[in-house]
Amino acid sequence: MNYRICYAICALVLLLAKSGPSQAQPIGETHVAGTTWWDTQQNASCGRMIAVDDSGNVHVVWTNGLTSDYYGPRHVYYNRWGPQFTRFAYDSGLQVDTFRRGGYVNLTLDREGYPLAAFHGVMTDSSGTAFHVALCRIGCDDITLLPNPRNGWLVWPKVVVDVNNHVHVLANRDDSFLGFNYEFYYAQGAPAPDSSFCEYTWQPVNGGSVLQSIDTLGVASYVIAASRTSPRVAMGWLRAYYRDPAADYQTEWKDVELSLSGDGGETWGPRLNITQFTPGDTACLAATHDTLHCNRDTLWAHADLSLLFDRTNGLHAAFTTTGYWTWASGHSQGRYSASEGLIWHWSEATGQFSLVADGWIAAAPNLPGAWQRMVCRPSLAVDPSNGYLYCSYARYDTAQVSEGGYFNSDVWISVSTDNGIAWSTGTNVTRTRPALIPTPSGECLSEREPTVAETVSDGALHLSYVLDRDAGAVSYSEGVATLNDFIYQRVPVDSIATTPLMPRYPLHWDSSGFLAAQKGSFIPHPSAFSLSAFPNPFNSTATLRFELPAASVVTVEVFDVLGRSVYRQNLGRMIAGEHRQRFDGSDLSSGVYFAALWTESATRVQKMMLLK
């Protein structure tokens with residue numbers, strides 16, 4: 001063999017060995033908006049850091065640490081990507097805040113399509129040095145400060161604008177001396193007259209003060225959402241309901257709570273606990289010694305929550321759960337999960353839960369990092385053209401470990417084509433893999449705090465995240481500070497696989513007894529082929545509830561007494577289990593009707609009475 005050819009082959013082999021496995025390319029286009037030494041963009045729930053206006057312009061915000069010094073300068077940055085130029089307007093971003101030190105920014109668009117950022121920062125005022133939450137309409141020189149509560153200051157804001165161009169803000173009082181007891185507040189405002197929408201006037205809530213105290217939390221996790229077509233607004237948070245004073249805080253469990261307003265925040269409905277997790281039953285244990293049965297629910301809501309109104313103004317929530325304590329043999333209390341995670345979806349229309357992502361992976365001795373789970377940080381979006389729901393999230397990979405002992409993550413996206421009843425198993429859209437394992441500092445490729453714009457446009461999901469070059473969070477003394485890219489990624493929706501579907505696992509313990517915190521104990525709900533209607537008789541609207549023993553192609557049809565079809569809906573292929581379909585008979589006359597459920601193998605019919 002010619003020695004030059006031999007030399008070239010040997011050099012190629014050495015190069016491949018040094019570079020490691022080939023690097024798959026991210027799905028779609030990636031664009032760098034700027035850089036940051038500050039890897040932790042949000043504490044607990046992320047809210048949104050990206051938005052798309054009606055002209056297709058993409059707006060992003062992030063916390064930009066300007067140096068590797070943890071206590072060094074840190075500011076809020078903004079950039080805009082234009083489809084006509086397919087690049088960002090500013091080479092490294094535009095500083096938004098005028099604070100001595102700012103960060104933890106959220107983004108929304110006002111009704112004119114202008115980006116509005118909410119963030120906190122440190123400034124010196126008449127009271128000395130204090131934190132403040134501020135609003136800034138990008139492009140304006142002025143900012144609007146949210147008043148601080150008495151004997152405290154506000155941090156970590158979430159913001160949204162409703163159809164009337166009113167702004168709604170949630171923020172947390174920084175009471176570090178109280179440990180895990182955080183009080184958070186709601187405020188609303190409107191553009192100040194003659195301010196060219198650059199300043200906002202805060203309005204009293206329910207005839208009271210500008211700041212309305214909502215709850216005291218065990219973790220600063222809350223989000224707020226507004227409908228794009230109606231005055232509906234929703235806030236959600238994680239409420240801690242139990243803490244054993246004889247144990248550490250890990251014995252606490254958290255539920256997801258919501259409150260909704262139908263009039264743009266003027267009045268709010270009662271708090272709704274949508275998860276209602278049940279703690280272990282000590283009386284049951286003493287009487288039966290049956291640990292499996294008496295553990296009750298062994299999941300709890302973790303730190304993440306995302307809210308979204310769909311195109312019909314129905315509310316959707318996505319949240320992460322982790323393992324709660326259990327009683328083991330001998331009745332010892334233990335087994336707190338330090339890394340396993342599951343992401344769930346809840347629908348206001350049905351009140352049902354469905355599994356979005358499964359990260360029930362024992363990860364010791366390595367970890368995904370502080371406040372992270374193997375799947376976490378859900379962010380919901382909707383495609384207005386067809387109603388498909390999407391959920392992005394971070395998924396950590398146990399095969400990709402940094403030298404500091406922390407996993408690298410990728411961003412995955414799942415889709416539901418049936419309004420949240422079932423979700424796909426997810427598609428890895430970033431697909432970054434370090435060349436060396438364990439990965440030295442500066443060579444990690446770990447995506448943090450992904451958020452998506454709430455609507456699909458131009459056939460694409462709009463995703464933002466930090467590409468952390470050393471896995472772990474520097475603010476929690478994990479890894480070291482690295483200069484990281486803040487990235488915008490356009491993900492074609494056609495690239496998100498709609499199948500296979502996630503299995504239908506139950507969220508709650510039931511009377512048969514199962515341990516949800518043990519993956520092998522997850523069992524699908526048993527089903528029979530059935531159809532029912534409620535209420536029955538009904539006035540104008542009814543819900544058709546049906547169960548499928550196996551995945552089937554489903555059609556629902558309603559007939560009058562003469563056999564004429566008055567309603568038909570092809571629901572497509574649906575997974576086994578219970579489903580619900582709303583039937584609107586407001587245009588029909590009172591009388592008897594028959595609902596029929598068709599599949600490829602069977603039919604069920606239910607008589608209904610319409611009374612007006």
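A disulfide, as used in these legends, is a pair of cysteine sulfur atoms within 2.5 Å. The views below all come from a predicted model.

**View 1. The disulfide between Cys140 and Cys198.** Searching the whole structure turns up one disulfide. Its sulfurs, from Cys140 and Cys198, sit 1.9 Å apart. The torsion about that S-S bond comes out at about -70°, so this is a left-handed disulfide. Cys140 is in the loop between β9 and β10 (144-146), while Cys198 is in the loop between β13 (182-191) and β14 (200-203), so the bond ties together parts 58 residues apart in sequence. Cys140 has a relative accessible area of 15% and is buried; Cys198, at 16%, counts as buried too.

**View 2. Two other cysteines, Cys391 and Cys444.** Cys391 is buried, with 0% relative accessibility. For Cys444 the relative accessible area is 0%, so Cys444 is buried as well.

**View 3. The largest nonpolar core, seen around Val60 and Phe119.** This core has 28 residues, and Val60 and Phe119 are the members that touch the most others. Seven strands each supply at least two of its residues: β2 (50-52), β3 (58-65), β4 (74-82), β7 (101-109), β8 (115-125), β9 (128-137) and β32 (484-492). Take Val60: setting aside neighbours within four places in sequence, its contacts include Ala33, Met49, Ile50, Tyr77 and Tyr78. Also on the Val60 contact list are Phe88, Leu107, Phe486 and Tyr488, along with Asn79 and Ser464. In soluble globular proteins, nonpolar side chains tend to be buried together.

**View 4. Asn172 in strand β12 (residues 167-173).** At 0% relative accessibility, Asn172 is buried. Who surrounds Asn172, once neighbours within four places in sequence are left aside? The contacts are Trp153, Leu154, Val155, Trp156, Tyr182, Glu183, Phe184, Ala220 and Tyr222.

**View 5. The salt bridge between Arg173 and Glu183.** The whole structure holds 14 salt bridges. In this one, the side chains of Arg173 and Glu183 meet at 3.5 Å, N to O. Arg173 belongs to strand β12 and Glu183 to strand β13, so the pair links parts ten residues apart in sequence. Both ends are under cover: Arg173 is buried at 16% relative accessibility, and Glu183 is buried at 18%.

**View 6. Further salt bridges, starting with Arg448 and Glu449.** The Arg448 and Glu449 side chains come together at 3.2 Å, N to O, and both residues are buried. Elsewhere, Arg564 pairs with Asp560, where the closest N and O atoms are 2.8 Å apart. Asp560 is buried, with a relative accessible area of 11%. Then there's a network: salt bridges with shared partners join Asp215, Arg239, Glu257 and Arg271.

**View 7. A nonpolar surface patch that includes Val605.** Val561, Leu562, Phe594 and Val605 make up this patch, with an area of about 400 Å². Val605 is part of strand β39 (residues 603-610). Is Val605 buried or exposed? Its relative accessibility is 55%, so Val605 counts as exposed.

Notes:
Residues are numbered from 1 along each chain as its sequence is written. This is a predicted model: local features need pLDDT of at least 70, side-chain atom pairs count only at pLDDT 80 or more; totals for chains, interfaces and linings use all residues. Side-chain values use heavy atoms; hydrogens and water are left out. A nonpolar core is a set of buried Ala, Val, Leu, Ile, Met, Phe, Trp, Tyr and Cys residues joined through side-chain atoms within 4.5 Å. Buried means under 20% relative accessible area, exposed over 50%, partly exposed in between (1.4 Å probe, protein chains only). Helices (H or I, at least four residues) and strands (E, at least two) are DSSP runs, numbered from the N terminus. Contact means heavy atoms within 4.5 Å. Patches are made of residues with over 30% relative accessible area and no salt bridge: like charges are joined within 9 Å, nonpolar side chains (Val, Leu, Ile, Met, Phe, Trp, Tyr) within 5 Å. Accessible areas come from the Shrake-Rupley method with a 1.4 Å probe; for residues, only the protein chains shown count as cover. A salt bridge is a side-chain nitrogen of Lys or Arg within 4 Å of a carboxyl oxygen of Asp or Glu.
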